[in-house]
Amino acid sequence: MSWTRRMWMVSGVGVALSCAAAAHAGVIVVPPRPGQVGLGVSGLYGTLLQSGDFGDNFGTGSGVVVRLRYRMRFERGFGLTFESHGYDPRSDAKFKDPETDRLLAPSDPFAPKSLTLQLYGLDFYQMFGTRTRTTRMLSVGAGLVRASRALNDGETDYPGDGFYVSAGAGVERFFWQSWAYDLGARYQAIFQGGRANHDLQVSAGLVFYASL
């Protein structure tokens, strides 16, 4: 079982346990205050639009994202994002041998069978309703991208690193003390090899806030 699938299972179990806790009477909710840090873990699913070196040959896939959020005054915040996202090849993918420039069949040992993008970035948030159980937020971010492709022969190649910029929207719904459901949607422009790749994704998980 892959690391991504394990993280999806952990997220699912966490959501199930939180639903059971929220069903009990007398639940106490403590919205976070400025100065608190949230640690969130979410499963995600996304798609690359058909553009760019990645998007031309890879389509949809799942992943996992870990986010740290620092609450500031005036309903603002910033944080760090660590994401690992896998993509499957498109049915019409056209891969070339880097040495001979010939097209590779999908079953060729040197043809990629998956793409993994690892993102490391910084996000800024504008939040709304921070004194209620449901915090809404808009975000922008930027960071670095590390790409790797798993080949049919078991080897891994690295097509080159890049950078990304992102914009997103999300909701934190607190259900017990400083625990919340973390739901979001995000657009990312990933620049690599002089071309832009466009990634659309949705995520769902849990976030917990603690004081520094």
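These are my notebook entries on a predicted model, taken one topic at a time.

**Ground rules.** I number residues from 1 along each chain as its sequence is written, and my side-chain values use heavy atoms, with hydrogens and water left out. Because this is a predicted model, local features need pLDDT of at least 70 and side-chain atom pairs count only at pLDDT 80 or more, while totals for chains, interfaces and linings use all residues.

**Confidence.** I began with pLDDT, the predictor's confidence in each residue, from 0 to 100. The protein averages 88, and 87% of the residues score at least 70. Over residues 20-25 the pLDDT is below 50. That stretch has three contacts in the model beyond near neighbours in sequence (contact means heavy atoms within 4.5 Å). Where pLDDT is low, the predicted coordinates should not be read in detail.

**Salt bridges.** Next I looked up salt bridges (a side-chain nitrogen of Lys or Arg within 4 Å of a carboxyl oxygen of Asp or Glu).

Asp 53 and Arg 195 meet at 3.0 Å, N to O. Asp 53 sits in helix H2 and Arg 195 in strand E11 (residues 195-211), 142 residues apart. I take helices (H or I, at least four residues) and strands (E, at least two) as DSSP runs, numbered from the N terminus. For burial, I call a residue buried under 20% relative accessible area, exposed over 50% and partly exposed in between (1.4 Å probe, protein chains only). Asp 53 is partly exposed at 34%, and Arg 195 is partly exposed at 35%.

Which residue does Asp 182 pair with in a salt bridge? I found Arg 69, at 3.3 Å, N to O. Asp 182 is in strand E10 (residues 179-192) and Arg 69 in strand E2 (residues 60-71), so this pair ties together parts 113 residues apart in sequence. Asp 182 is buried, at 5%, and Arg 69 is buried, also at 5%.

Glu 172 and Arg 71 meet at 2.7 Å, N to O. Glu 172 lies in strand E9 (residues 162-176) and Arg 71 in strand E2, so parts 101 residues apart in sequence are tied together. Glu 172 is buried at 0%, and Arg 71 is buried at 3%. I also noted that Arg 69, Arg 71, Glu 172 and Asp 182 are linked in a network of salt bridges.

**Cavity.** I then searched on a 1 Å grid over the protein atoms alone, where a cavity is a set of points that a 1.4 Å probe fits but cannot leave, a pocket is an open set with protein on both sides within 12 Å along at least five of seven lines, and lining residues have an atom within 4 Å of a point. Points are joined across faces, edges and corners, and a volume is the space filled by probe spheres set on them.

The whole structure has one cavity of 30 Å³ or more. The largest cavity has a volume of about 150 Å³. Of its 16 lining residues, the closest to the centre are Arg 67, Arg 69, Ala 169, Gly 184 and Arg 186. Strand E10 gives the most to this lining, with five residues.

How much space lies in the largest pocket? I read about 470 Å³. It has 19 lining residues, and Lys 96, Pro 98, Arg 149, Asp 157 and Pro 159 are the closest to its centre. Helix H2 (52-55), strand E4 (95-96) and strand E7 (134-151) each give two or more residues to the lining.
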